[in-house]
Amino acid sequence: MIDQATKLREMMRTKLKEEKLENKNKKARVLAISSGKGGVAKTNFAINFSISLRRLGYDVVVLDADLGLSNIEIISGISLNNSISDIIFANKDIFEIMGNGPEGVKIISGGSGLKELKLLDDENFNKLISEIEKLQKSTDFIVIDTGAGISSSVINFIMTADEVIIICTPDPTSLMDSYTLIKSLVYTGYTGKINIVCNLVSNRDEGREIFEKLYNTVENFLRVQIKYFGYIERNRHIRNAVINQVPFIISNPKDPNAKRINIMAMNYMDAKYSPLEEERISFARRIMDIFIRRGD
Ligand SMILES: Nc1ncnc2c1ncn2[C@@H]1O[C@H](COP(=O)(O)OP(=O)(O)OP(=O)(O)O)[C@@H](O)[C@H]1O
Ligand SMILES: [Mg+2]
């Protein structure tokens, strides 16, 4: 018997085919995954959510922007020969450094070494961004897994995105750090949508409760509205999937957390995906704005 999710996926694929027919000039939607506090499952979310989008029929590239501390390869169970640093130090283009991840998701590694840290200067960042821009023409989504915190690298990567998903947990320090990240984004002039995923919660109510706390603080002090994206419960499957280096949506497709990710992906697509939306500010324009704002 065909279940509800399969029917929905079929509907999404048909919708995608229609969109692809209309849309010969691809322009990827850029989504940043971030957090104030580290170790809250950004990388896990990035790869599992991307696989879910891929299963809906979209082309997805995950870019690990945690430069020098990249662990997308470990969590995806792959090993790549190149990383972002090869764009700067070996003059490779973005298509040469991109590798194959699970289920057809493409992966770009942020590298694991000291040389990657040198990528953070403005000139290198600029070069990197123009390569990412090339990528926009050949895929549907670019999912950027940023590092944690409020460093200029994290903020700049989020500023290049159409929207951001901030992952937070019930830990009061995580809530505080999420607020600080949102405040930094608002003060930097970020105008994209801010979505929140509550991870490591014990149930749906706890997810909502955390979100509401954050929502009220952000609305009161920053006058900005954030959006609830979903929740993920603490469970051993996610931990084991990391240990076994298989994304949990593949190892445990029936796990309620895997289903939640699928629902988040479907809601995200349903929200108003329109790759050719004319008035969308171009990626290049947003990058220019970063430099203009800084007076470079
Ligand atoms: N819902 C969950 N249930 C159980 N364990 C979890 C859950 N979410 C995350 N974890 C654990 O948290 C660890 C950190 O996950 P991950 O590496 O994806 O976080 P991160 O935010 O990308 O970290 P970093 O800030 O270092 O980049 C995982 O290895 C996993 O063991
Ligand atoms: Mg990570």
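Helices here are DSSP runs of H or I with at least four residues, strands are runs of E with at least two, and both are numbered from the N terminus. Welcome to a predicted model, in which local features need pLDDT of at least 70, side-chain atom pairs count only at pLDDT 80 or more, and totals for chains, interfaces and linings use all residues. Residues are numbered from 1 along each chain as its sequence is written, while chains are lettered from A and ligands numbered from 1 in the order in which they are written.

**The chain overall**
- You will find 13 helices and eight strands in the chain.
- Of its 296 residues, 43% count as buried (20 or more other C-beta atoms within 10 Å of the residue's own, with C-beta atoms placed from the backbone; exposed means 12 or fewer).

**Helix H6**
- H6 covers residues 122–135, and its 14 residues reach 20 Å from first C-alpha to last, close to the 20 Å expected at 1.5 Å a residue (1.5 Å times one less than the number of residues).
- Phe125, Leu128, Ile132 and Leu135 are the buried residues to look for in H6.
- These four lie on the same side of H6, because they cover an arc of only 65° around the axis (taken from the directions from the helix axis to the C-beta atoms).
- Glu123 and Lys134 are exposed, on the face turned away from that buried side.

**Around ligand 1**
- Ligand 1 is surrounded by 19 residues, the closest being Gly38, Ala41, Lys42, Thr43 and Asn44 (C-beta atom, placed from the backbone, within 6 Å).
- Helix H2 (42–55), strand S7 (193–201) and helix H10 (236–244) each give two or more residues to this shell.
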